[in-house]
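Q: Please take a close look at one part of this structure and describe the packing and contacts there. Give the cut-off behind each term as you use it.

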Amino acid sequence: MQIAFDNSFHATMEGFYAPAEAARPSAPRLLAFNHALAARLGIDATGTGDDELARLFSGAELPPGADPLALAYAGHQFGHFSPQLGDGRALLLGEVVAPDGVRFDIQLKGSGPTMFSRNGDGKAAIGPVLREYLVSEAMAAMGVPTTRALAAVATGERVQRERAHPGAVLTRVARSHIRVGTFQFFAAHFGAEHVIRLSDYAIARHFPELAEAANAHLALLERVIDLQCSLIAHWMSVGFIHGVMNTDNVAISGETIDYGPCAFMDRFSVSTVFSSIDAHGRYAYGRQPQIMHWNMARFAEALLPAIHAVDPADVERAKELVAAVPDRFRSVWDDTMRAKLGLGEAAGGDPELIDELFAELERHGADFTGFFRALSMLLRGDRAALDALLPDEGAMASWIAAWRARIEAEGGDFAERAEAMDAVNPLYIPRNHLVEAALAAAEAGDMTPWLRLLETVQHPFAARADWAEFAGPAPEDFGPYTTFCGT
Ligand code: AMP
Ligand code: MG
């Protein structure tokens, strides 16, 4: 198999990375390969056997043309600055330019230690690898910007965590791996010249149109803020909680990155937290916009030397952009929620209607994903799903009446509205109980439940009678759900 690598970061950004090598697993075995994604990248994998794929996407064999390297980055972790993080268990193999001209990184995750590993082993266990594969592919299918999963390979080795697990390597595909933390690293250790070079590279790669702006670095800040507002609104609209919104986990491209203790909420509550290490709920569902705002302030700080170098007066403008994040987010959020509710145009009272909906969902602890599908069924004249979700008779009656009135006021056809809602409100998401069962089976050697779940979450919108078991929340006895950082 040929991968037409074209490694711009390696070629032009010397001093911003460390060359690195993969540990070579002795008995790699292919667990999953994403043929659709390979095709999208212009990689022809047809005719390549599983054994060769397993070697190429585990580090056992270096694909020709790869220039493996580890990226340096810093980051605020739970509010505290760590000046030196970096790819401690990841290896950038290189970049490919897809047939449509879009450039992608291809990275191995769990491929052994690098100079940034600190005390870590650089490895990954099969559970977190298959979890990231499943959840990132689910996000992609829902249309949420995200890194993707190209392959999962078992290494044949054991990885020691709280107990020993089978080891695995994930091949991750991203628009790039440049993070807010990458800017922070070079701002903290090297100063303006490096920040300018990194910013210029990010602009040329991701937003070439910004190079023409009077102050391109300021324009980069504005664009990254826009992308973060859209991303976090999109996450929240599907009940997604990232779990570790540290600045090293914020990609400049606007993609979701670093799937660790993330999960989707069943029963709605704004204070939902799944991560075992998030004791104070810093990254709870409802705090994600505030944290994104905080992260954008850190990004602005890191970019300031570059912004200032072009025009010192633009420092004020950068502050204004950061100060405007909550308003910007609110406007994107209202648009996102209007689409979920089948509303076509903005109208006065929408923010109140939306806020009241969330207060009601909290009050009734309704299944978040199921609720929006029940609303579209209601528009079709079928209220069975809603009644099943809200057993208290008359629950939410006044909110539902207000929403219906709002739809009627716009005019238009109810059936069409219901269709439009079903095209943005997923029915099949990676439900926590299903994910856990699939990962347990995979760890025991049976990939069938994981492959079946993957297939459903790759088709999130259209209802299928034979997938009924994938559509509902966890049974009561599943209990409170806790996730662990995906190492
Ligand atoms: P994360 O929690 O995935 O955002 O990772 C935070 C930092 O810890 C990054 O610099 C990772 O490369 C590093 N890290 C996490 N797990 C390991 C590991 N098993 N070995 C080495 N470094 C790791
Ligand atoms: Mg990370």
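A: Helix 12 passes helix 15 in a left-handed crossing (the near helix is turned anticlockwise from the far one by less than a right angle; clockwise would be right-handed). This is a predicted model, in which local features need pLDDT of at least 70 and side-chain atom pairs pLDDT 80 or more, while totals for chains, interfaces and linings use all residues. Residues are numbered from 1 along each chain as written, chains are lettered from A and ligands numbered from 1 in written order, and side-chain values use heavy atoms, without hydrogens or water.

Helices are DSSP runs of H or I, at least four residues, numbered from the N terminus.

Helix 8 (residues 288-310) packs on helix 10 (residues 325-340) at about 135°, with axes 10 Å apart, so helix 8 is oblique to helix 10. The crossing of helix 8 past helix 10 is right-handed.

Turning to the ligand, an oxygen atom of ligand 1 lies 2.6 Å from a backbone N or O atom of Gly86. A polar backbone atom of Gly88 is 2.7 Å from an oxygen atom of ligand 1. Arg118 places a polar side-chain atom 3.0 Å from a ligand 1 oxygen atom. Polar contacts are pairs of N or O atoms within 3.5 Å; within protein, one must be able to donate a hydrogen and the other to accept it, and residues adjacent in sequence count only if both atoms are side-chain atoms.

How values were computed. Axes fitted to C-alpha atoms, helices over the stretch in contact; angles between N-to-C directions. Helix = DSSP H or I, 4+ residues; strand = E, 2+ residues; numbered from the N terminus. Parallel < 35°, antiparallel > 145°, perpendicular 65-115°, else oblique.
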